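Please examine the structure shown below together with its sequence. The paragraphs that follow lead through a few of its features in turn.

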Amino acid sequence: MESLYFIVIAVVVLVFLFIALINRYRRCPSDKILVIYGSKGTNKSAKCVHGGGAFVWPIIEDYAYLGLTPISIDANLTNALSRQNIRVDVPCRFTVGISTDPESMLAAAERLLGQTAQQIQELARDILFGQLRLVIATMSIEELNSDRDKFLEAISANVEVELKKIGLRLINVNVTDIKDESGYIEALGQEAAAKAINEAKVRVAEQEKVGEIGKAEAVRETRIRTAEANAEAVKGENEAKIAIANSDANRREKEAEAQRKAIAAEKVAQAQALEEAYGAEQKAELARADRERSTQTANVIVAQEIEKQRLVLAAEAEAEQKRVNAKGEADAIFARMEAEAKGLYEMLARQASGYDKMIQAAGGDASKAYSLLLLEKLPELVKTQVEAIKGINIDKVTVWDNAGGAADGKTSTANFLAGLMKSIPPLSDLFEQAGMSLPEYLAKRQQETQNLEPSEK
């Protein structure tokens, strides 16, 4: 129970430690710079993070934020000495802010951390005044008044370097009207205005002169153009009359030519019409012949082609059916023969196994086993001998015997019966054909039986 209590306490302590460590993770907003300071073992006085987050170790580290909000600074410089030793007043407004460059962020952390916006503004104003005086001292009044781009570039180049040392960067410079205590700039303005007025008057006079000259040239050009137009009009009237006369002659000539061409064209058109009519009739007859030919082709040749294709398809189908039937019959025969072969093989295998066991029973002597097998078949052999004469239907046998003997002293009746008995193969012959011999007592008994007279048997 005590161990469980200690485990619960350890778990609670670990959970609190984990929550405390999570709470030490600081995220940096996009309009601020997270400055982590107090850690040991680094060659930097602080670690600056922008747009991300970092873990702040408890006890050994702490953190603070630097704002990136732009700061507007009024730098109304008065009595600044120009390159011509003329004092001028230059009212300016600068917009600065903390830079996100790694080096500038570290400089801002070292020099601006903990400063208020007012303090940063005063520090930056001192730097701006000094650099602004330096830039004005390198430029003349004319350059300051007319070449504002050069002036602003010089301010940006000098001020940017100095502001970077404390972690700031210049965002914008706005320079209003420049004034001097001697009225030099005003005099320059009056001179420029007078010069502009005089140049405008000269341009007006030049334009008036050009206008008068243009007006006179326009009158002269009008009179010349009018005379030329009148002459051209008279010439045009005469040429028009000549053209009318020529046109009438050409008209009459062309009318006659047109009439001749019309008559000829009419004759040619009539001939062409007849030719086209005859050609159309010829084409019609050819088309009719083609139609008749197509009709005959469709009625006879196409039908024969269809019948031919039908016969070919029927023959192919019949051949395919025969091939399928033949293949089926061949498969059936093969299956039947394979079954018969398997049955025969099984029967022969069983017979061979039986023969092998019979030889083993005969002590390994194959001849004895063969004799045993033949003895097993002896009843069937005897039955076969009996069946040989069993089917003879002897209803009545008449023997005419003249009581005379043959050369061997036997009668005809005895010889007939002896021949009848000899038609049955004796057992000894059957055994000899099988490569065996009857037992001695059976052989002797058979010999005695064969020597008996038929009447004795």
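A residue is called buried when its relative accessible area is under 20%, exposed when that area is over 50%, and partly exposed in between. The model considered here is predicted. With a relative accessibility of 8%, C28 therefore counts as buried. C92, at 3% relative accessibility, is buried as well.

How many disulfides does the structure hold? There are zero. A disulfide requires a pair of cysteine sulfur atoms within 2.5 Å. For C28, the closest cysteine sulfur belongs to C48 and lies 9.6 Å away, which is too far for a bond.

The next topic is the aromatic rings. The structure contains one aromatic pair. This pair is formed by Y63 and Y65, whose ring centres are 5.9 Å apart; because their planes stand at 80 degrees, the arrangement is edge-to-face. Planes over 60 degrees apart count as edge-to-face. Y63 is partly exposed, since its relative accessible area is 25%, and Y65 is partly exposed at 31%. Y65 also has a charged neighbour: K32 lies over the face of its ring, at 5.5 Å from the ring centre.

Finally, attention turns to the surface. Which residues form a nonpolar patch there? The patch consists of Y5, F6, I9, V13, L14 and L17, which together have about 630 Å² of accessible area. One of these residues, L17, is located in helix α1, which spans residues 2-23. L17 has a relative accessibility of 49%, so this residue counts as partly exposed.

Technical notes
Residues numbered from 1 in each chain as written. Predicted model: local features only at pLDDT ≥ 70, side-chain atom pairs only at ≥ 80, totals over all residues. Heavy atoms only, no water. Buried < 20%, exposed > 50% of the residue type's maximum accessible area, 1.4 Å probe, protein only. Patch = residues over 30% accessible without salt bridge, like charges linked within 9 Å, V, L, I, M, F, W, Y side chains within 5 Å. Areas by Shrake-Rupley, 256 points an atom, 1.4 Å probe, with all protein chains shown as cover. Salt bridge = Lys/Arg side-chain N within 4 Å of Asp/Glu carboxyl O. Helix = DSSP H or I, 4+ residues; strand = E, 2+ residues; numbered from the N terminus. Phe/Tyr/Trp six-rings, centres within 6.5 Å; stacked < 30°, edge-to-face > 60°. Lys NZ or Arg CZ within 6 Å of the ring centre and 35° of its normal.
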